[in-house]
Amino acid sequence: KIFSRSSFWLGNETLKVPVALFALNRRRLCDRLRQNRDVQKNSVVLLQGGEETQRYCTDTGIVFRQESYFHWTFGVTEAGCFGAVDVDTGRSMLFVPQLPESYAVWMGKIHPPEFFKKKYAVDEVHYVNEISSVLASKKPAVLLTLRGVNTDSGNVSKEAAFEGISQFNVNNKILHPEIAECRVIKTDMELEVLRYTNKISSEAHKEVMKAVKAGMKEYEMESLFQHYCYARGGMRHTSYTCICGRNVFCSTISLELNFYFFPLCFLFSLFDMGGEYYCYGSDITCTFPANGKFSPDQRAIYEAVLKSSRAVMKAVKPGVAWPDMHRLADRVHLEELTKIGILKGNVDDMVKVHLGAIFMPHGLGHLLGIDVHDVGGYPEGVERIDLPGLRSLRTARSLEQGMVLTIEPGIYFIDHLLDQALRDPAQCCFINNDVLQRFRGFGGVRIEDDIAVTASGMELLTCVPRTIEEIEAFMAEGQSSGKSFDCLSSQKQ
């Protein structure tokens, strides 16, 4: 890693990220906390960074990735650190591990505190073993520590703890909702990083699209994506475990948290993959035929999903309720499935019995940032809608300028859900089972793009071939040229 003139940079054509990004984040957090009537004068925010971990009982280290709240606040890449921010003054303190002399033998130079002060542009740097005495010298009225539930995972954030913390007045309720809300709205500097992650990930998806051919394995496509992201974009991490589906028999693909399970047959390829740079992520899904040519049925379903995607994009703007965007996508799907002949009857009546959730059981999309399913989806006062499909939404908020989200409609033919609908008198009357049989084993189509909400609409961050004509032309060009890893265009979009 290269920190040049207070920027994170991996060299070559990778993006330079100014550490001023994190100074601005700290200012925003302090401004927000000072507006909170429950925050006392002389309060200090205290966060604990991530720690190195090993593979089970071995001494094999797992590649470190910083804890997300700590990264948002400080941009620190090292493990084992603490950070503090004086809410009244905005002064920042970083606490780094005091490494043993043996570290210099095996791992390289041991840097003094002054090195980290300059590297991260913070006001003070001390060793972790000094944290109790340093904080005591500041005489804080209260330490604001982070404790709260992640509404996607149900897990609780790790609260800062150190030997001697019992001598301080600690409040672990105020900070979490405030810092999570700060993360929901991206600054211009954060948007630049997200544009970069999308650009590199989009190019990597295009490399996969050019390379795919009969007989290749899913892991080869995943490997190609990861290689491009790392070699060209400096992305050692992906935002989540890649989802790659193409098999002679229908296979089940699931996200790590078992959010959804979608069968995909070998004629269609679905790749849900996103690279991560300096902890900021991306989340893109492309679906296309492995042979580069859409069959009539593939064309019909793909165009239905694309139509719903574009309808949502056209409707997105500040003030729009995200559940209404999910309902819009559902309605377009039902209308298109009726045109295809899979469904019959009145679409309004289909909506009343939640038929759309049979074909799209997941939510339309989610917030995106330092985490692929970014925080702040359900703050206090925003309730989950307990209805089919809608209950799977990772946020039910109204859109605001500066939010970054995924738009990922999909139509899937999942035997379990189809059989369930056919047994339900309220739903089966809308299904033309003779036509539906033709799509059994079809799998599914998902189209996922990342967008930023602007003052009057949205900015599309993802740039991959999307129309059938674009995909077929691009794949034909790739198969004829046999080339890969085209030169990147300029960093800035």
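In the predicted model, Arg 183 lies over the face of Tyr 69, at 4.5 Å from the ring centre. A charge is taken to sit over a ring if NZ of Lys or CZ of Arg is within 6 Å of the ring centre and within 35 degrees of the ring normal. A further case involves Lys 16, whose charged end sits over the ring of Trp 9, 4.6 Å from its centre. The structure is a predicted model, in which local features need pLDDT of at least 70 and side-chain atom pairs count only at pLDDT 80 or more, while totals for chains, interfaces and linings use all residues. Residues are numbered from 1 along each chain as its sequence is written, and side-chain values use heavy atoms, with hydrogens and water left out.

A search of the whole structure finds 15 aromatic pairs. Rings of Phe, Tyr and Trp (its six-membered ring) pair if their centres lie within 6.5 Å; planes under 30 degrees apart count as stacked, over 60 as edge-to-face and the rest as tilted. Among these pairs is that of Phe 22 and Tyr 278, which is edge-to-face, with 5.5 Å centre to centre and 80° between the planes. Because Phe 22 belongs to helix 1 (residues 20-34) and Tyr 278 to the loop between strand 15 (275-276) and strand 16 (284-289), the pair ties together parts that are 256 residues apart in sequence. Helices (H or I, at least four residues) and strands (E, at least two) are DSSP runs, numbered from the N terminus. Phe 22 is buried at 0% relative accessibility, and Tyr 278 is buried at 6%; buried means under 20% relative accessible area, exposed over 50%, and partly exposed in between (1.4 Å probe, protein chains only).

Phe 268 and Phe 442 also form an edge-to-face pair, at 5.5 Å centre to centre and 80° between the planes. This pair links strand 14 (residues 268-273), which holds Phe 268, with the loop between helix 15 (433-436) and strand 19 (444-446), which holds Phe 442, 174 residues apart. Phe 268 is buried at 3% relative accessibility, as is Phe 442 at 10%.

Two strands pair if DSSP finds at least two bridges between them. Strand 11 and strand 14 pair over three bridges.
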